[in-house]
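Let's talk through how to read helix packing and nonpolar cores in a model like this one.

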Amino acid sequence: MSVTGPPDDELLARVFLTRVIEPGDEVGGRWVREFGVREVARRLVERGLPLPGVSGKRWAGLLARAGAARPRQDLAVAQDAGVRFVCPGGVEWPGQLDDLGDARPLGLWVRGRAGLRMWALRSVAVVGARACTEYGAHMAATLATGLAEQGWVVVSGGAYGVDGAAHRGALGAGGATVAVLACGVDRPYPRGHTQLITRIADQGLVVGELPPGDHPTPSRFILRNRVIAALTRGTVVVEAAHRSGSLVTARAAQRLGRLTMGVPGPVTSGLSAGVHELLRGEATLVTDAADVVELVGDIGQLAPDRRGPVLPRDLLEQATRQVLAALPARRAARPDEIARGAQTTQDDAVARLYELRALGYVERHDDGWKLTRQAMMSVRGAAAPS
């Protein structure tokens, strides 16, 4: 592989290194920063002396990988699969990924027609447990639907559970979603989500650091999460046990200065324990898309005030409500008794009782007044302790 010549060599060098250096390898990232991507590729191709910071054993392993790398073939396979390679500094590169420093991806393989950079500018990560409960799946789908309806891009990892529910919620709303995979983007994983990931590629974007055909490993899943965190304005965790990959995403977001949010769940559920631990720290509690948008959106995008339903009695004047509340629940009362209970004059109490009768709250019994059956239920509810 030539390391001098036309600009395409930079792209080839980066594609080559995606076969050699693991995602998130900060030693490799430092080499690229200090020596340049072409020089690092040259040293590996020509089997030169080890670059600084690695043992001879590890350098031998990198050389073995380099000997098997075929960057032109990878680009051809990617093109046939409708996949492109996006380099740092390019038109489509999301600049916020540069916040990862030496752990920044060497490049991203992207499948889908939309522009990654523009989508990432208005995106939110929704992540959580793979073995989620029905509550977790419902909340993830509802959040994603609401975010998509408000023009936000939902980013997740394409996994079972919360990830899948979030992607489906966004797709169902006709919105945009991005799946960040821990394997080649031409190779959907998990296989049970092949149809879902194909649909995401058609309607949204499928993104990954690994070249075509490459397989996932446990460490690659963990390292993939830093990309989800860096790519988005904030991360929402929906259900997570104490040991959960989604907590890795949230903590990466916190280190990067991104917003972290959590959806609370039952305190008896182990799948909510990790979320609750986040909420005891720097994360913010959210319950719907409006809460999320208030945090990650522009100034003035406030969530609506949370209020219970407005009851007919709420529309009464305060003094009239006091008269209504002064009536006994089970018997009739005389106007003077009602006036004392409402702390007003008898004439005022009588005037308001006639008003309440016209509204169907009270009825007259000889010289006394009594609540109607409908009003008794209203007053009981209002008097219940909060």
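Q: Is the crossing of α7 and α8 left-handed or right-handed?

A: A crossing is left-handed if the near helix is turned anticlockwise from the far one by less than a right angle, and right-handed if clockwise. Here α7 passes α8 in a right-handed crossing. Bear in mind that this is a predicted model, where local features need pLDDT of at least 70, side-chain atom pairs count only at pLDDT 80 or more, and totals for chains, interfaces and linings use all residues. Residues are numbered from 1 along each chain as its sequence is written, and side-chain values use heavy atoms, with hydrogens and water left out.

Q: How do I describe two packed helices?

A: By the angle between their axes and the distance between the axes. Axes are lines fitted to C-alpha atoms, for helices over the stretch in contact, with angles from 0 to 180 degrees between N-to-C directions. Helices are DSSP runs (H or I, at least four residues), numbered from the N terminus. The axes of α7 (residues 134-149) and α8 (residues 162-172) cross at roughly 35° and come within 7 Å.

Q: Which residues in α7 and α8 meet?

A: Contact means heavy atoms within 4.5 Å. On the α7 side you'll find Gly136, Ala140 and Ala144, among others, and α8 brings residues including Ala166 and Gly169.

Q: Which residues touch the most other members of the largest nonpolar core?

A: Such a core is a set of buried (under 20% relative accessible area, 1.4 Å probe, protein chains only) Ala, Val, Leu, Ile, Met, Phe, Trp, Tyr and Cys residues joined through side-chain atoms within 4.5 Å. Of its 35 residues, they are Leu97, Val178 and Leu205. Helix α10 (residues 218-231) gives the most to this core, five residues.

Terms used. Helix = DSSP H or I, 4+ residues; strand = E, 2+ residues; numbered from the N terminus. Buried < 20%, exposed > 50% of the residue type's maximum accessible area, 1.4 Å probe, protein only.
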